[in-house]
Amino acid sequence: MTLDKGIHKYDPHMIAEEKKQAIIDYRQCFRLYNQLVDLKDKTINQRYLYFRFQSNEKNSVDDAKAKAKIDPLVLDIVEKLKSADQLKDEAYAEMQRVETKIQFILDSNSIKRAEMKLSGFGT
């Protein structure tokens with residue numbers, strides 16, 4: 001997160017660059033999250049097949065599904081998924097912060113134009 005300090009905080013080029021970077025970061029986090037969801041599903045399916053057909057134990061369908069969901073490989077992916085979800089939320093919040101900043105600047109400019117018009121400076 002970048003704080004809006006310094007001489008360039010209202011520079012339109014800097015704001016556009018901030019918005020671009022915020023969108024890129026959000027999309028990248030979203031892709032990472034979706035990849036982890038796919039990986040989790042594939043790992044659960046692989047572990048299910050292992051427990052159902054290749055294990056020395058005879059497992060029913062429900063038992064194999066349950067064992068697949070609590071397998072350490074799957075639980076590790078679930079932990080990574082939680083942290084990716086948090087990153088995705090932070091990236092979304094940053095994107096919304098930049099959008100709010102843009103709206104505030106637009107509102108401020110609109111008010112200044114109206115004041116200039118009322119005072120007789122505008123055309």
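The exercises below, each with a worked solution, concern a predicted model.

**Exercise 1.** Determine how the axes of α1 and α3 are arranged relative to one another.

*Solution.* Begin with the axes themselves, which come within 8 Å and cross at roughly 160°. Angles over 145 degrees count as roughly antiparallel, and α1 is therefore roughly antiparallel to α3. Finally, sort the residues of the contact between α1 and α3 by class, which gives 25 nonpolar, 1 polar and 12 charged residues.

**Exercise 2.** Identify the residues of the largest nonpolar core and the elements that give two or more residues to this core.

*Solution.* The largest nonpolar core has 9 residues in all, namely Ile-15, Ala-22, Tyr-26, Cys-29, Ala-91, Met-95, Val-98, Ile-102 and Ile-105. The elements that give two or more residues to this core are α1, spanning 12-54, and α3, spanning 72-119. The largest share, 5 residues, comes from α3. Apart from this core lies another one, of 6 residues, among them Ile-44, Tyr-48, Ala-64 and Ala-68.

**Exercise 3.** Decide whether Lys-88 is buried or exposed, and find its contacts beyond four places in sequence.

*Solution.* First locate Lys-88, whose place is in helix α3. Its relative accessible area is 13%, and because buried means under 20%, Lys-88 counts as buried. Leaving aside residues up to four places away in sequence, Lys-88 touches Tyr-26, Cys-29, Phe-30 and Tyr-33. Taken from the side of Tyr-26, with neighbours within four places again set aside, the contacts are Lys-88, Ala-91, Tyr-92 and Met-95.

Key:
Residues numbered from 1 in each chain as written. Predicted model: local features only at pLDDT ≥ 70, side-chain atom pairs only at ≥ 80, totals over all residues. Heavy atoms only, no water. Core = buried A, V, L, I, M, F, W, Y, C linked by side-chain atoms within 4.5 Å. Buried < 20%, exposed > 50% of the residue type's maximum accessible area, 1.4 Å probe, protein only. Helix = DSSP H or I, 4+ residues; strand = E, 2+ residues; numbered from the N terminus. Contact = heavy atoms within 4.5 Å. Axes fitted to C-alpha atoms, helices over the stretch in contact; angles between N-to-C directions. Parallel < 35°, antiparallel > 145°, perpendicular 65-115°, else oblique. Nonpolar A, V, L, I, M, F, W, Y, C, P; charged D, E, K, R; others polar.
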